[in-house]
Amino acid sequence: MDAYRGFVMTLMAAEILQFDHLHEAFPDSSFWAFLAHHQSHVAWAGCSLHDLIQPSFSFLVGVALPYSIASRVKQGQSFPVQLWHAFRRSLILILLGIFLRSTHSEQTRFTFEDTLTQIGLGYPFLFLIGSAPKPRTAWIALGVVLIGYWLAFIMYPASVAGFDYSTVGVATDWPEHYTGLMAHFNKNSNLAWAFDTWFLNLFPRENPFLFNGGGYATLSFIPTLGTMLLGLQAGRWLRSGMTQREILKYFLIAGATGLISGVLLHVTGICPIVKRIWTPAWVLFSGGWCFWLLAFFYGVIDVAGRRGWAFPLVVVGMNSIAIYCLVHLIDKFIITSLYTHLGHGPFLVFGTAYEQLLLGFVTLAIFYLILWWMYRRNLFIRI
């Protein structure tokens, strides 16, 4: 789990390498085009490697929950004490997410679509479901979340012909517009967008909220709970007492089932695979990838016993909140300091096209040294 978590957090931090600049500098290079694509989010439907960061992080929250509950029960904590801890953790995640988004703003940015706030909003429900005595409760809850969320979107009226998409930040000729059932999931003209035009305007804002430029929405925390519930089941399998090969088989089957189900929902026009509003098809599709990624790390590290290569990832994964905060708080400070003390020269040895890449590698190395220092001294940020 720590290696997998470290992998996705490294992908997140690696945004600082800015492969898109190299793609612009070398537009005919398929290599930089490939890396740039997988270091950015797709415009709407579909998936890149970068799109799997948030679902993986959410999925792993679910994987860790059975271990957390078992540890607290072993310590003799009562259910009310555990429930209080879940609510406290939820509040801290929400406030931390808002704080990190607001650090470079003149006013607090009350939005709730980022990774931390989405997990925070859903975590109390995850804890209650995970604490239920019957394991099937989680499967029932997953079905209710996926089907209920899909029905809620379908019941909200789709945009009518002639709707002026430019008023919600979407080009009229945008190629991602859908018809039929999938029209209910169009960008900034769906249930989640309508909810935010009411909910987000309840908070102090410099200007009224009209739309999110990327189409992201607060209500995505509901299907994100579905992603965490998939992780919860993975965590239960890990603690089930089954053999390692049986667990690995379950992961591979669950992954294939999720991927096939998500694709079928998309190609049949029932529900698109869209991360930005976390559609039910996206929960299944991305959940399938999460199961397969967990299967890879579990198979190589736990089953095959090949652990040494993963140590750098474990260092990052064991302090995921720390790296999340470092990336959002001091990345610009580090870059400015490097330029102040070293100038641009050392980062221009391969030409101007590679300046941001070299600068990014040095910044990532500094991040890692901070985390390694914390790891060696058993300093971990726990929420």
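Q: How many residue pairs are in polar contact between domain 1 and domain 2?
A: The count is 1 residue pair, with both residues at pLDDT 80 or more. A polar contact is a pair of N or O atoms within 3.5 Å; within protein, one must be able to donate a hydrogen and the other to accept it, and residues adjacent in sequence count only if both atoms are side-chain atoms. Bear in mind that this is a predicted model: local features need pLDDT of at least 70, side-chain atom pairs count only at pLDDT 80 or more, and totals for chains, interfaces and linings use all residues. Residues are numbered from 1 along each chain as its sequence is written, and side-chain values use heavy atoms, with hydrogens and water left out.

Q: And how many salt bridges between domain 1 and domain 2?
A: The count there is 0, taking a salt bridge as a side-chain nitrogen of Lys or Arg within 4 Å of a carboxyl oxygen of Asp or Glu.

Q: Where are the domain bounds?
A: Domain 1 is 1-40 + 319-382, and domain 2 is 56-307; the bounds come from an automatic or database domain assignment.

Q: What area is buried between domain 1 and domain 2?
A: About 1,500 Å², with carbon and sulfur atoms giving 82% of that. Buried area here is the accessible area (1.4 Å probe) that two parts lose on being put together, summed over both. On the domain 1 side, Met1, Tyr4 and Tyr324 supply 47% of the area buried against domain 2, more than any other three residues.

Q: Switching topic, which residues touch the most other members of the largest nonpolar core?
A: Tyr4, Phe59, Leu126 and Phe251, out of 110 residues in that core. A nonpolar core is a set of buried Ala, Val, Leu, Ile, Met, Phe, Trp, Tyr and Cys residues joined through side-chain atoms within 4.5 Å. Buried means under 20% relative accessible area, exposed over 50%, and partly exposed in between (1.4 Å probe, protein chains only).

Q: What is Phe59 in contact with?
A: Leaving aside neighbours within four places in sequence, its contacts include Tyr4, Thr227, Cys290 and Phe291. Contact means heavy atoms within 4.5 Å.
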